[in-house]
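Work through the exercises below with the sequence and the model open. Try each task before reading its solution.

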Amino acid sequence: MVFDHVVANGTLVTGSGVFKGSVAVSEGTVAAVAAAGTVLRGRSTVDAEGLMVLPGLIDAHSHAGHGDPDRENFTAYSRACAAGGITTFIDMPLSNPSTLTPETLREKIASSGSASHVDYALYGGVVPGYLHHVESMVKEGAGAFKSFTCRCSNYPMTDDGTLLEGMKILERTGGILSIHAENDTLIQTLTDRLMAEGRNGPRAFLDSHPPYSELEAVQRVFFLAKRAPRCRVHIAHMSIPEGMELLRRCRGEGMNNLSAETCPQYLGMCEDDLVAIGAPAKCDPPVRSAEAVEKLWGYVLDGTVDIIASDHSPHPFSRKTGREADFWTVAEGCTGIQTMLPVVLTEGRKRGLSWERLVQLMAERPADLFGLRGRKGRIAPGHDGDIVLLDPEREWVLEDGDLQHLVKQSPFTGRTFRGRVVKTFVRGGLVYDDGAAEKIVNRPGYGRFCSMETRP
């Protein structure tokens, strides 16, 4: 049999093992996986000798900029995804307008989605005044929903009553609720006090968002989640090891509806980096102490952390630079989609991260949690032919000019990484080629909307 495309002689990585072999793709899906010694014939063949062959990664926490063209757009964002080995991203509803109704969902697919280089899925929201749209959003394929327990620019904050009511609805409809968990009043009181004292700069910002302001909100979310045990509740961008310890304890008490993510900024930077780097490293929650980073890595390695996601949250230069004199006005959020894999791989290998665990965190488990199982996240027959070829030993230094996303700044500029994406395929089609002059070799609009499957 002759397949459409074959990746031959690579080291294939799954969540349960690593082996030398080949993979074949036909009509966009994986048609065969073979161990070394079996030859697969293809109309086109890529020799992956010396390369790691990973399933296409999934970023379950993206801000791709719909409606804010000076911040980001799906075309530039998806280019950065491909360069970073991400073949599917799930975009948050913090668009302009927010994606909270079936009409705004369809408009987002028709406009921004039609310009993506890679595949994508979309969030809805559990926010006051929009709960009656949750069921119809699920039917239209938005199986994940976002809530904030604190203020966030143009997106509504969700009070506890609405949050629990939303959980009860999702018990019936299925889907997953992702929550930005920080205590709004604790943070605002501290911010007001620090500003009144004339405090400013990165250290003041860190003091306004202490670990306990995050832990209290995580505790409260888990308390509410216990009242809706069939609703799957996910903590977004957990920055504190205490939160992961609480997650593990709750699971031990039988709460099997909980999950959590952390992000490369919390694994690859600490408070000292924020002080040194400044505005590009300001995010919310903020980066934590060096000791907390090491403890968080422990929970990544032992299986407590479910997934790693980027929370790529770009802002135009006007909101990030030239504001250092008043650090309070620097926008909160940093870029990270293109550097997510390099950061996690480089820092993780220093601490014993295995290839299997990497794939679990960034491909398999995101697919399972976010309704993409059976299609995404695995190199297995019947799954989409989403494949990443990576040179595991290549060392390189990030420069702003390497960045494919619209806002070309990164807190990791100047950092040396070990391991580089060589090629990225989506449904068998080559999207990124590190050896090509233009790097991105397919057209905008190749990406497809992925409807999330839900389970009540």
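## Exercise 1: a helix pair

This model is predicted. Asp160, Leu163, Leu164 and Met167 in α4 meet Arg220, Val221, Leu224 and Ala225 in α7.

**Task.** Then describe how α4 and α7 pack.

**Solution.** 

1. Start with the residue classes.
2. Locate the helices. α4 covers residues 160-173, and α7 covers residues 211-225.
3. Take the geometry. The two axes lie 10 Å apart, at an angle of about 45°.
4. Name the arrangement. That angle makes α4 oblique to α7. Angles from 65 to 115 degrees would count as roughly perpendicular, and those under 35 as roughly parallel.
5. α4 and α7 cross in a right-handed sense.

## Exercise 2: the largest pocket

**Task.** State the space in the largest pocket. Find which residues are closest to its centre, and which element gives the most to its lining.

**Solution.** 

1. Begin with volume. The largest pocket contains about 900 Å³ of space.
2. Go to the centre. The pocket is lined by 37 residues, and Arg151, Cys152, Ser153, Asp284 and Glu332 are the closest to its centre.
3. At least two residues each come from β9 (144-148), α5 (184-196) and α6 (202-208).
4. Pick the top contributor. α5 gives the most, with five residues.
5. Finish with classes. The lining of the largest pocket has 15 polar residues, eleven nonpolar and eleven charged.

Conventions. Residues numbered from 1 in each chain as written. Predicted model: local features only at pLDDT ≥ 70, side-chain atom pairs only at ≥ 80, totals over all residues. Heavy atoms only, no water. Axes fitted to C-alpha atoms, helices over the stretch in contact; angles between N-to-C directions. Helix = DSSP H or I, 4+ residues; strand = E, 2+ residues; numbered from the N terminus. Parallel < 35°, antiparallel > 145°, perpendicular 65-115°, else oblique. Left-handed = near helix turned anticlockwise from the far one by under 90°. Contact = heavy atoms within 4.5 Å. 1 Å grid on protein atoms, 1.4 Å probe; cavity = no way out; pocket = protein on both sides within 12 Å on 5 of 7 lines; lining within 4 Å. Points joined across faces, edges and corners; volume = space filled by probe spheres on them. Nonpolar A, V, L, I, M, F, W, Y, C, P; charged D, E, K, R; others polar.
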